[in-house]
Amino acid sequence: MSLNVTGPFIYFTIPILGGINITQTTVSFLLVTIFLCTACVVLGKDLSTRPGPRQTLVEKGVLMMRELVVSTMGEHNEHWLPFIITLFLCSICGSLIGMTGFLRSATADLSCTLVWALMVSVIIWYNNIKHSGFLGWIKGFTEPVAVMTPMNIVSEIAQPISMAFRHFGNLAGGGVITSVVYMAFSLASTAVLNLISASGNLIALALMAVGGVLLLLRRKKKKLSLLIFGWLSLVLGLFGFLQAMGWLSGVPVLAFGIPAVLSCYFDVFSGAVQALVFSLLSMVYISAACPPPQEA
């Protein structure tokens, strides 16, 4: 994951309208848009009544999203399906693009999630005015009693803010945690390897010997602890030996793998969950503003 805690890096500024900054987020989301448009063209062409594996997989995904939209918003709101699918795919792809290592997750930028939340709010306000009229929409802020008007206004403003910060906070927080863990393991790696190599090759060779003995004992006793400590001792001894020989200077060996596992969790699992939650909240709020025709 590529994350700058101080904000997205500005590549250049277009000198119009007071200056338009082209940031990491702008580039990341542009690539996401190009990818999704290309995928739609490739996956949507050459459709047939006897679908192949590719068409079957796409149809299955669309049907799953349709069932989710219909069960959440009702059949009368099925026309919102393309919008919800687009919102979900942009969210999850915007999170996954951070796993490239040189691009920033678009959803780790508050400006991105806030624009989505405001877009959903504008859709809600438009449909409320469409079904109730402008005066009816304004009257809704005074229900159930006029005293509740400030609370209703605050609730209306807080809705997009909470949606934006929920999505942004999970992805940005995950990136910060991954960066901090990587830094901690890098410092620990430098300290441990310097300590092992300080006395030459003696400690390194001793650790390698201990690791070999523990792994041999593991074959007889079949204990997981022997396997873990055996490999740990062997690897530390080997890296300490390489450090003493000057072949591994400055390489954070203890940081290998751990940040990648955390990135898989925060980028893949957490990104998918937040995309689903954001889409579900959008469906719930929009469906409340678009009741069935008889109720409207």
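This is a predicted model: local features need pLDDT of at least 70, side-chain atom pairs count only at pLDDT 80 or more; totals for chains, interfaces and linings use all residues.
Residues are numbered from 1 along each chain as its sequence is written, and side-chain values use heavy atoms, with hydrogens and water left out.

**View 1. The protein chain has 8 helices and 2 strands.** Helices (H or I, at least four residues) and strands (E, at least two) are DSSP runs, numbered from the N terminus. Along the sequence, the pattern reads β-β-α-α-α-α-α-α-α-α. Of the 296 residues, 33% are buried (under 20% relative accessible area; exposed means over 50%, partly exposed in between, with a 1.4 Å probe and protein chains only).

**View 2. Helix 2 (residues 53–73) has a buried side and an exposed face.** Gln-55, Met-65, Val-69, Val-70 and Met-73 are the buried residues here. They cover an arc of only 135° around the axis, so they sit on the same side of helix 2; the arc is that of the directions from the helix axis to the C-beta atoms. Turned away from that side are the exposed residues Pro-53, Leu-57, Lys-60, Met-64, Glu-67 and Ser-71. Just after helix 2, look for Gly-74, with a positive phi of about 95°.

**View 3. Helix 3 (residues 81–96) meets helix 4 (residues 110–139).** Their axes come within 12 Å and cross at roughly 170°; axes are lines fitted to C-alpha atoms, for helices over the stretch in contact, and angles run from 0 to 180 degrees between N-to-C directions. The two helices are therefore roughly antiparallel (an angle over 145 degrees). From helix 3, Phe-83, Leu-87, Cys-90 and Ser-91 meet Trp-116, Met-119, Val-120 and Ile-123 of helix 4, where contact means heavy atoms within 4.5 Å.

**View 4. Trp-116 lies in helix 4 and is buried.** Its relative accessible area is 7%. Leu-87 is 29 residues from Trp-116 along the chain, and their C-alpha atoms are separated by 8.1 Å.

Note on methods:
Angles under 35 degrees count as roughly parallel, over 145 as roughly antiparallel, 65 to 115 as roughly perpendicular and the rest as oblique. The expected span of a helix is 1.5 Å times one less than its number of residues.
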